Amino acid sequence: MPLYQTQNLKIYNSLSGEKEVFVPLHEGNVGMYVCGPTVYSNVHLGNVRTFMSFDVVFRYLLHLGYKVRYVRNITDVGHVVDDEDEGEDKIAKKARVEKLEPMEIVQRYTVDFHEILKEFNFLPPSIEPTATGHIIEQIEIIKKIIENGIGYVSNGSVYFDVQKFNKTHNYGKLSGRNIEDMIANTRELDGQSDKRNPQDFALWKRAEPEHIMRWPSPWSDGFPGWHLECTAMSTKYLGNHFDIHGGGMDLKFPHHECEIAQNEACTGQAPVNYWMHANMLTLNGKKMAKSTGNNILPREIYAGGSPFLSKKYAPSVARFFMLQAHYRSNLDFTDDAIAASEKGFVRLMDAYDTINEIIPSEKSSLDIRAWIDACYDAMNDDFNTPILIAQLFEAVRYINLLKENKETITSEDLKLFSKTIENFLFDVLGLTNEKSLENNDKLDSVVNMLIGMRNEARANKDFALSDKIRDQLTNLGINLKDGKEGTTFSIN
């Protein structure tokens with residue numbers, strides 16, 4: 001029997017504002033879509049936290065025995081700078097600044113995105129579609145919306161008529177916004193806009209002559225609106241109605257609100273049963289922003305170079321730090337906070353490493369099954385990772401008591417206890433047993449010292465010693481490579 005049949009998972013649904021029992025559309029199968037990055041710059045730490053939240057959701061659903069189709073897109077068309085309908089394409093702007101083709105920018109930062117997520121031990125999604133690969137699907141959706149009387153063509157662009165849609169639907173139901181208030185708080189159009197109303201949003205934009213990224217359409221050579229790509233890709237791979245849609249809290253309006261409107265205008269039905277939104281990550285109590293300098297790149301956590309950090313931290317320590325807060329809570333990243341998390345992380349992993357030192361008894365004085373239930377209760381309560389972590393520290397207390405012979409455990413319970421800790425630490429939370437980067441730094445120093453000794457031996461024509469150093473390092477899995485710029489090493 002799969003675990004999901006015995007667990008009562010509840011998810012906070014942004015649409016209802018309540019925790020709801022999770023019942024997938026098709027038993028045993030889950031369709032989940034998460035808005036991915038716009039690849040015009042390095043992925044920032046706030047994005048990593050959002051994607052980490054849904055990586056844990058994905059992992060827990062898999063742990064429960066669901067077959068999950070997880071779709072996370074890559075926005076490589078590039079929407080305009082202010083995320084509205086006017087301005088300059090983010091990817092095209094970066095391409096102009098760096099004197100590169102737009103697709104070179106896309107490739108560079110897509111690779112960076114994947115490398116960073118790999119360092120933080122993310123599972124890859126089931127499908128990772130790109131916006132440029134789905135232009136045809138987006139055009140077909142626009143045609144359908146126009147046919148249904150909600151889209152209109154204006155000067156080669158196509159817009160979604162929000163007020164007309166709202167006559168038969170509820171635009172604003174996800175974000176809790178009232179369209180009458182939105183109308184009252186917007187300025188009149190200045191006569192230069194192609195929109196009928198300020199609330200309308202672009203489905204297709206006619207490209208100006210200087211616009212690089214463009215595609216032919218029935219209305220003009222242009223490019224799709226920002227909101228359309230997610231509607232096209234989610235419905236193509238998950239159907240017109242699917243289980244979970246996730247993203248950052250900042251996407252609730254207008255992006256996700258517009259997605260709902262597009263789906264309903266096109267298919268006549270609501271697209272998603274459970275809307276999930278991850279909250280923001282701040283740095284030293286302030287919003288992260290490159291423009292103010294209050295910013296840290298994910299790579300700087302483990303590679304160093306940030307003025308905000310006193311030392312380097314293993315990626316798994318940073319992951320552990322982020323998971324100590326609930327995904328719907330604000331989280332403030334500080335050097336002191338991650339340093340404290342590192343201590344807790346090391347304590348947790350040290351305890352895990354010593355489980356095999358416990359000697360089983362004929363009876364258990366600890367109620368291991370009640371502890372296991374508490375772990376599942378935490379995750380079943382809207383993926384409450386901080387409560388789960390608290391239960392794992394309770395397991396640390398159990399381990400210490402058992403090692404001190406103050407409590408007892410049977411062989412069967414010990415096996416179950418150990419396996420459960422392993423499942424939640426590594427499979428669900430996605431942690432790795434990498435406690436510190438300090439040992440790596442010390443290893444680098446030792447190997448570089450031996451390389452220096454080898455270079456000195458070669459300079460003195462003591463090739464026997466030079467070869468001996470190389471061969472012994474090779475036997476330890478450390479391979480040296482001599483090049484024009486010196487000797488480097490890699491570890492198998």
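I began with strand β10 (residues 272-278), where six of the seven residues are buried, so the strand is largely enclosed by the rest of the structure; buried here means under 20% relative accessible area with a 1.4 Å probe and protein chains only. The strand and helix numbers that I use count DSSP runs from the N terminus (H or I of at least four residues for helices, E of at least two for strands).

This is a predicted model, in which local features need pLDDT of at least 70 and side-chain atom pairs count only at pLDDT 80 or more, while totals for chains, interfaces and linings use all residues. Residues are numbered from 1 along each chain as its sequence is written, and side-chain values use heavy atoms, with hydrogens and water left out.

I then looked up the pairing of β10 and found that strand β9 (residues 242-248) runs parallel to it over six bridges, where pairing requires at least two DSSP bridges between the strands. The bridge partner of His245 in β10 is Trp275.

Next I turned to the helices, and noted that the axes of α1 (residues 45-63) and α12 (residues 368-380) come within 12 Å and cross at roughly 130 degrees, the axes being lines fitted to C-alpha atoms over the stretch in contact and the angles running from 0 to 180 degrees between N-to-C directions. I recorded that Val56, Tyr60 and His63 of α1 make the contact with Tyr376, Met379 and Asn380 of α12, contact meaning heavy atoms within 4.5 Å.

Technical notes:
Buried < 20%, exposed > 50% of the residue type's maximum accessible area, 1.4 Å probe, protein only.
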